[in-house]
Amino acid sequence: MKLLRDIVSVRRWRQGCKKRVVLVPTMGALHRGHTELMRLARKKAGPGGKVAASVFVNPTQFGPSEDFQAYPRPLEADLAACRQAGVDAVFVPEPAAMYTNDRSVSVCEDSLSKVLCGRSRAGHFNGVCTVVAKLFNILQPTHAVFGEKDWQQLAIIRRMVQDLDFPVEIVACPTIRETDGLALSSRNSYLSPAERAAAPKIQAALRSASGLASRAAIENHAARLIKKIPGAKIDYISAVDAATLAPLKNRKTPGRLCAAIHLGRARLIDNIPLPREK
Ligand code: AMP
């Protein structure tokens, strides 16, 4: 496995790739959620194709009061996980290799990023779009894999690729969960043992609400259950159109039930499908 530290080395590596190149962008602190993305990437790459991962805690997607400094950075373990998952090259840039002080151009998404997490995380998705656009330009992947765990991010990246004509196929990987239902996340390490024990109730609440007929009924039922979790504070629970993220009008189009819940020091996000009714 090649460790690439700067853009020149990436471009040189890319020139040697003759078939598919499948990119898995990450912020590191890798867990089974990430390595499943890498395995899917391996499959998608096919014989002769290459899998590239990036490990970069992107400063521009963190707000001033968020956990950029505290975000875990276990690089050696991350490299071992990439190697084991069959990654061919890992790009691990320093922030200075990605951003100059006099930069003045970024990618702004103006619609899907205004709702859900965008309400409390101003600028977050512009940071995400900008870094993903840069990674696409630097690595020039044919495909890129993103997790359904971050549904809003996936929808926004799809829209960016469509609107800016990136020649990259976006591949979605289903959310990987612990056996008790909690979605794997690097931020689960912020939970106390009691919070960790209660956290799966978030997903259970979403599931319990997902069969109801109307948006209001779904959101209210999930909120009632989540309010019973000691220490849980609801940021949002929203039933939305799966593609546009607009409030779900009816069950005739595919929907998604998305939630962000503060539990102790952690802000947990999760989402489940609201299948179209026949
Ligand atoms: P992050 O390192 O948190 O930026 O995540 C990198 C990629 O891994 C994103 O596409 C996430 O959606 C994806 N991811 C993180 N956790 C999970 C999970 N539990 N299941 C599926 N994908 C995940």
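This dialogue walks through how to read several features of a predicted model.

User: What should be known about the model and its numbering before reading it?

Analyst: The model is predicted, with local features needing pLDDT of at least 70, side-chain atom pairs counting only at pLDDT 80 or more, and totals for chains, interfaces and linings using all residues. Residues are numbered from 1 along each chain as its sequence is written, and side-chain values use heavy atoms, with hydrogens and water left out.

User: How many residues surround the ligand, and which are the closest?

Analyst: A residue is near a molecule if one of its heavy atoms lies within 4 Å of it. Here 16 residues surround the ligand, and the closest are Met27, Gly147, Asp150, Ile176 and Leu184. Helices (H or I, at least four residues) and strands (E, at least two) are DSSP runs, numbered from the N terminus.

User: Which side-chain and backbone atoms lie 2.6 Å and 2.8 Å from the ligand?

Analyst: A polar contact is a pair of N or O atoms within 3.5 Å; within protein, one must be able to donate a hydrogen and the other to accept it, and residues adjacent in sequence count only if both atoms are side-chain atoms. A polar side-chain atom of aspartate 150 is 2.6 Å from a ligand oxygen. For leucine 184, a backbone N or O atom is 2.8 Å from a ligand nitrogen. Histidine 34 places a side-chain N or O atom 2.9 Å from an oxygen of the ligand. Of the 490 Å² that the ligand exposes when taken alone, the protein buries 92%; areas come from the Shrake-Rupley method with a 1.4 Å probe, and for residues only the protein chains shown count as cover. Strand S2 (21-26), helix H2 (32-45) and strand S5 (143-147) each give two or more residues to the shell, with the largest share, 3 residues, coming from H2.

User: Is phenylalanine 56 buried or exposed?

Analyst: Buried means under 20% relative accessible area, exposed over 50%, and partly exposed in between (1.4 Å probe, protein chains only). Phenylalanine 56 is buried, at a relative accessible area of 6%. Its place is the loop between strand S3 (50-55) and helix H3 (75-84). Contact means heavy atoms within 4.5 Å; leaving aside neighbours within four places in sequence, phenylalanine 56 contacts residues including Thr26, Met27, Pro93 and Tyr99.

User: Which strand does S2 pair with over 6 bridges, and in what sense?

Analyst: Two strands pair if DSSP finds at least two bridges between them. S2 and S3 run parallel, joined by 6 bridges, and valine 21 has lysine 50 in S3 as its bridge partner. In S3, 5 of the 6 residues are buried.

User: Why is strand S8 described as largely enclosed?

Analyst: Strand S8 (residues 255-263) has 8 of its 9 residues buried, so it is largely enclosed by the rest of the structure. It pairs antiparallel with strand S7 (residues 232-241) over 9 bridges. Lysine 233 has histidine 262 in S8 as its bridge partner. S8 also pairs antiparallel with strand S9 (residues 266-274) over 9 bridges, where alanine 260 stands opposite isoleucine 269. The hairpin of S8 and S9 has 2 residues between the strands, and glycine 264 takes a positive phi near 60° there.

User: What span should helix H10 have?

Analyst: The expected span of a helix is 1.5 Å times one less than its number of residues. The 13 residues of H10 (residues 215-227) should therefore span 18 Å, and the end C-alpha atoms are 18 Å apart, in agreement. Among the buried residues of H10 are Ile218, His221, Ala222 and Ile226. Cover for the buried residues of H10 includes helix H9 (200-209), S7, S8 and S9.
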